[in-house]
Amino acid sequence: MGRPGDVDMSRRDLVAGATAAAALTALPSSGARAGSAATDAPVMAKVALTVNGQRRELELDARTSLLDAAREHLHLTGSKKGCDHGQCGACTMIVDGRRINSCLTLAVMHQGSEITTIEGLGQPGNLHPMQAAFVAHDGYQCGYCTPGQICSGVAVLAEIKAGIPSHVTADLTGAMEATPAEIRERMSGNICRCGAYSNIVEAMTEVAGRQA
């Protein structure tokens, strides 16, 4: 005669066996699995974008991010894939006048949009004022985050000029200024792992002074 525990073990084995059998029954057949795989085929979509002033028409997997569309399909590799989670700002682009993390948005969501990447701001022989200020103030070191920093910087000054408040804006009725506090708050989503933040603030302050 077995011990009491032996009876419990047998019952558990029966229950486990029944559960496993039920799970196997619930699995789709090989034919069903093949059909499921067929449904994983990409859904393609035609997208028309105006990128850096030029109309571009693409046929993309509907899941393609705006960042991947620019880098992999338009070969505009200035915008960088840093974290791919919207946490570092290296992929910042200006879309319809507003800065966005291009890794977090799908290209198909921007049909007809005006998109500016770092390539559209200036060229080596004709730098955008923000690019020139970054060079003058050494606002970069490794340079990986710099395209996103510059695009964000251009958009930040536009926000301030338009009177859009930030978390640190004290007076919502008076003229808004590009103070170091405003710049640091608004640029906080753009991470520089080299720590060139003070130089970035100086570069943006210089450009803001020219625009004033």
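Contact here means that heavy atoms lie within 4.5 Å. By that criterion, the buried residues of helix 3 pack against strand 1, strand 2, strand 3, strand 4 and strand 5. The model is a predicted one.

**Strand pairing**

- Strand 1, residues 44-51, and strand 2, residues 54-61, pair in the antiparallel sense over eight bridges.
- Within that pair, Val51 stands opposite Gln54 of strand 2.
- Two residues separate the strands in the hairpin of strand 1 and strand 2, where Asn52 takes a positive phi near 55°.
- Strand 1 also pairs with strand 5, residues 114-116, in the parallel sense and over two bridges. The bridge partner of Val51 in strand 5 is Ile115.
- Strand 3 and strand 5 pair in the antiparallel sense over two bridges. Here Ile115 of strand 5 is the bridge partner of Val95.
- Strand 3 and strand 4 are paired in the antiparallel sense as well, over four bridges, and Arg99 in strand 4 is the bridge partner of Ile94.
- Strand 3 is covered on both faces: Thr92 and Ile94 are buried on one side, and Met93 and Val95 are buried on the other.

**The turn at Asp96**

- Asp96 is located in the loop between strand 3 (92-95) and strand 4 (98-101).
- These two strands form a hairpin with two residues between them, and Asp96 in the turn has a positive phi of about 50°.
- Is Asp96 buried, partly exposed or exposed? Its relative accessible area is 48%, so Asp96 counts as partly exposed, given that the exposed class begins over 50%.
- Leaving out residues up to four places away in sequence, Asp96 touches Ser113 and Glu114.
- The side chains of Asp96 and Ser113 are joined by a polar contact of 3.1 Å.
- Asp96 and Ile115 are 19 residues apart in sequence, while their C-alpha atoms are 6.3 Å apart in space.

**Helix 3**

- Helix 3 spans residues 66-73, and its buried residues are Leu66, Leu67, Ala69 and Ala70.
- Just after helix 3, His75 takes a positive phi of about 60°.

**Nonpolar cores**

- The largest nonpolar core has 21 residues, of which Leu121, Met130, Phe134, Ile150, Leu157, Met187 and Met204 touch the most other members.
- At least two residues of this core come from each of helix 4 (118-121), helix 5 (129-136), helix 6 (146-161) and helix 8 (197-211).
- Which helix gives the most to this core? Helix 6 does, with seven residues.
- Apart from this core lies another, of 17 residues, including Val51, Leu66, Ala70 and Ala107.
- Within the largest core, Ile150 is one of the residues that touch the most other members. Neighbours within four places in sequence aside, Ile150 is in contact with Ile118, Leu121, Met130, Gln131 and Phe134.

**Residues that link the topics**

- Val51 belongs to the core of 17 residues, stands opposite Gln54 in strand 2 and has Ile115 as its bridge partner in strand 5.
- Ile115 is the bridge partner in strand 5 of Val51 and of Val95.

Notes: Residues are numbered from 1 along each chain as its sequence is written. This is a predicted model: local features need pLDDT of at least 70, side-chain atom pairs count only at pLDDT 80 or more; totals for chains, interfaces and linings use all residues. Side-chain values use heavy atoms; hydrogens and water are left out. A nonpolar core is a set of buried Ala, Val, Leu, Ile, Met, Phe, Trp, Tyr and Cys residues joined through side-chain atoms within 4.5 Å. Buried means under 20% relative accessible area, exposed over 50%, partly exposed in between (1.4 Å probe, protein chains only). Two strands pair if DSSP finds at least two bridges between them. A polar contact is a pair of N or O atoms within 3.5 Å; within protein, one must be able to donate a hydrogen and the other to accept it, and residues adjacent in sequence count only if both atoms are side-chain atoms.
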